[in-house]
Amino acid sequence: IDTPSIDAWLTAELSEGEYVGIDGKVYAAKDAFILTNKLNSKGLHLIADYDPFADIWHDRPAIPKNPVFVLPEKYTGEPCRKKIERICENLAELGAKSLLVASLDTIAWIFNIRGNDVHCNPVAVSYAYISPQESILFIDPKKLSPEVAGYLENEGVTLAEYSKVYDYVAKISTSVCLDGNKIPFSLYNVIPSSCRIVDILSPADLMKSCKNEVEITGTRNAMQRDGVALVRFLMWLEKAVPSGNVKEIDINIHLFPLN
């Protein structure tokens with residue numbers, strides 16, 4: 001028997017007039033619109049401000065406060081200021097006045113910063129808003145050393161508290177470009193109805209996908225190092241397996257030694 005989709009299961013199990021709750025802060029806007037339409041077609045309703053973990057996860061960790069560092073231009077090939085200028089040029093061609101970004105990898109690329117808030121991903125929890133008038137990075141200031149903060153400010157970036165993004169977006173008075181697949185439903189909902197929303201693949205993502213020569217060289221160097229590491233691991237595995245004592249956890253520890 002095929003596993004039903006979430007919306008198919010919900011519409012089959014619930015009765016007309018009942019409600020479905022999701023946490024809009026972690027649910028993509030476009031997915032939420034699709035779910036809403038399917039629920040409404042069956043007389044069901046969606047509540048997007050429901051966080052079940054708030055009640056059941058009593059020792060829930062706080063948002064990480066790991067330090068952010070700047071990735072030097074010798075690795076990025078382009079300063080943050082220049083990337084922002086190119087983004088604004090693309091926005092003008094799209095007929096939008098600003099760009100709202102929630103995808104952490106894109107934010108890391110735009111501002112030439114890296115972090116350690118997500119396991120095995122060099123990103124920092126943050127939001128960004130870019131326009132010809134101002135570019136704002138919404139991030140916990142405790143993550144930023146004076147050197148990192150100074151770098152960003154010198155690149156023309158305004159720093160703001162991570163939690164202030166909702167208040168700021170609620171006051172936007174111009175057209176905004178965003179990717180509904182990568183913007184939280186709750187953040188999308190606070191954009192004023194008077195604003196024209198250009199919901200497309202982010203121009204910043206398209207720019208990020210086209211690597212410059214410095215980035216291409218970095219990728220090649222990384223693949224070479226990765227290849228050497230893989231060969232060394234396979235050599236160890238080939239010698240270790242015949243002993244009959246190698247377990248999956250041993251392989252994991254060999255690849256990622258415990259500190």
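**Briefing: strands, cores and loops in a predicted model**

Strand 7 (residues 135–138) and strand 8 (residues 157–160) run parallel and are joined by 4 bridges. Strands count as paired if DSSP finds at least two bridges between them. This is a predicted model: local features need pLDDT of at least 70, side-chain atom pairs count only at pLDDT 80 or more, and totals for chains, interfaces and linings use all residues. Residues are numbered from 1 along each chain as its sequence is written, and side-chain values use heavy atoms, with hydrogens and water left out.

**The chain as a whole**

- The protein chain has 12 helices and 10 strands. Both are DSSP runs, numbered from the N terminus: helices are H or I with at least four residues, strands are E with at least two.
- The C-alpha trace spans about 60 × 55 × 35 Å along its principal axes.
- Of the 259 residues in the protein chain, 36% are buried. Buried means under 20% relative accessible area, exposed means over 50%, and partly exposed lies in between (1.4 Å probe, protein chains only).
- Take the contacts between residues at least 6 apart in sequence: 64% of them join residues at least 24 apart. A contact means heavy atoms within 4.5 Å.

**Strands 7 and 8**

- Leu137 has Leu159 in strand 8 as its bridge partner.
- From strand 7 the chain passes through helix 7 to strand 8, and this β-α-β crossover is right-handed. That is, with the strands pointing away from the viewer, the path from the first strand over the helix to the second runs clockwise.

**Nonpolar cores**

- The largest nonpolar core has 28 residues. Such a core is a set of buried Ala, Val, Leu, Ile, Met, Phe, Trp, Tyr and Cys residues joined through side-chain atoms within 4.5 Å.
- Ile84, Ile87, Leu99, Ile110, Phe111 and Leu137 have the most contacts inside this core.
- Elements that each supply at least two residues of this core include helix 5 (80–94), strand 4 (99–101) and helix 10 (203–209). Helix 5 gives the largest share, 5 residues.
- A second, separate core of 25 residues includes Val20, Ala32, Tyr129 and Phe185.
- Leaving aside neighbours within four places in sequence, Leu99 is in contact with residues including Ile87, Leu91, Tyr129, Val176 and Pro203.

**Helix 5 against helix 6**

- The axes of helix 5 and helix 6 come within 7 Å and cross at roughly 115 degrees. Axes are lines fitted to C-alpha atoms, for helices over the stretch in contact, and angles run from 0 to 180 degrees between N-to-C directions.
- Cys80, Lys83, Ile84, Arg86 and Ile87 in helix 5 meet Trp109, Ile110 and Phe111 in helix 6.
- The residues of this contact divide into 6 nonpolar, no polar and 2 charged. Here Ala, Val, Leu, Ile, Met, Phe, Trp, Tyr, Cys and Pro count as nonpolar, Asp, Glu, Lys and Arg as charged, and the others, Gly among them, as polar.

- Asn112 lies in the loop between helix 6 and strand 5 (113–114). Its phi is near 55 degrees, a positive value in a residue other than glycine. Asn112 counts as buried because its relative accessible area is 2%.
- Cys120 is in the loop between strand 5 and strand 6. Cys120 has a positive phi of about 65 degrees, although it is not a glycine. At 59% relative accessibility, Cys120 is exposed.
- Ser131 sits in the loop between strand 6 and strand 7. Its relative accessibility is 6%, so Ser131 counts as buried. Not counting residues up to four places away in sequence, Ser131 touches Cys88, Lys97 and Ser98.
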